[in-house]
Amino acid sequence: LLPWPKVDFSKFGEIEEKPLSRIQKISGANLARNWAMIPHVTQHEDADITELEAFRKKLGEENKDLKITPLVFQMKAVVAALKAFPQFNASLDETGEKLILKKYFHIGIAVDTPDGLVVPVIRDVDRKGLLDLARELAEISRKAREKKLGPNEMSGGCFSISSLGGIGGTAFTPIVNAPEVAILGVSKAATKPVWNGKEFVPRLILPLSLSYDHRVIDGALAARFAAFLAQQLGDIRRLLL
Ligand code: CAO
């Protein structure tokens, strides 16, 4: 690789120097390694969450003390997909010759903080209900923003979710959080006209972007995983199974 360009920017105009935070340096090194070493592909999929949103709003009205965002439903849908496609709940060992399949379901959640990106892990998502997950999500995002997360709260993840849905966007290409083999990016849900065979009807559509390590997962499997996820989110009866 060519060395990083060394430029005296002050030659061209006024500048200011700002050192990177400790978190930015650590996450930057990890992101750079993962981006360079993992052959990434991103599969995009749409989920119709019209019914899911109606249910979420109802649940929110019944539990006013809690903030129940779409993310907790996405966590449950991801666990269902990991169970159906165990290759996604896996890591390559350090030799790159063996796949380690995990029988537990710990999900990392990318949290944006003033000092940079951190990924706390919520353990045993398969064994927790939506309300417990909402409570835990609020707790870890608060801890993340107050820099109170311990190392054990940021390790052991099987799969990560990066939700930019509260901000905007229609799709993006998240970077796999090694040694995990896939990550789900979630963009902002929007009402779109959908053809139901007779007419266009307004439906709430959630854009999903699944990045995966192509050494471990092939495109057809990723397309199936993403379609399965969309199906889970599209039919809350499945999600509650
Ligand atoms: N579509 C539409 N609206 C959405 C949505 C989606 N996909 N996801 C969340 N929302 C809504 C929420 O319902 C909430 O609405 P109200 O304010 O009306 O209640 C609002 O957006 C804000 O949600 P939130 O961001 O506070 O909560 P969350 O559970 O969705 O996310 C957390 C929590 C911690 C993941 C988030 O705060 C965060 O930090 N996101 C950024 C992650 C990030 O930086 N990823 C990038 C990694 S790569 O650099």
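Helices (H or I, at least four residues) and strands (E, at least two) are DSSP runs, numbered from the N terminus. The model is predicted, so local features need pLDDT of at least 70 and side-chain atom pairs count only at pLDDT 80 or more, while totals for chains, interfaces and linings use all residues. Residues are numbered from 1 along each chain as its sequence is written, and side-chain values use heavy atoms, leaving out hydrogens and water.

**View 1. Lysine 147 sits in the loop between α4 and β8.** Look at its backbone here: phi is near 55°, a positive value in a residue other than glycine. Lysine 147 is exposed, with a relative accessible area of 59% (buried means under 20%, exposed over 50%, partly exposed in between; 1.4 Å probe, protein chains only).

**View 2. Aspartate 124 also has a positive phi, of about 50°, although it is not a glycine.** You will find Aspartate 124 in the loop between β7 (121-122) and α4 (130-145).

**View 3. A cis peptide bond joins alanine 178 to proline 179.** Its omega is near 5°. Proline 179 belongs to the loop between β8 (159-163) and β9 (182-186).

**View 4. Phe88 and Phe159 touch the most other members of the largest nonpolar core, which has 56 residues.** Such a core is a set of buried Ala, Val, Leu, Ile, Met, Phe, Trp, Tyr and Cys residues joined through side-chain atoms within 4.5 Å. Helix α3 (residues 70-84) gives the most to this core, with nine residues. In soluble globular proteins, nonpolar side chains tend to be buried together.
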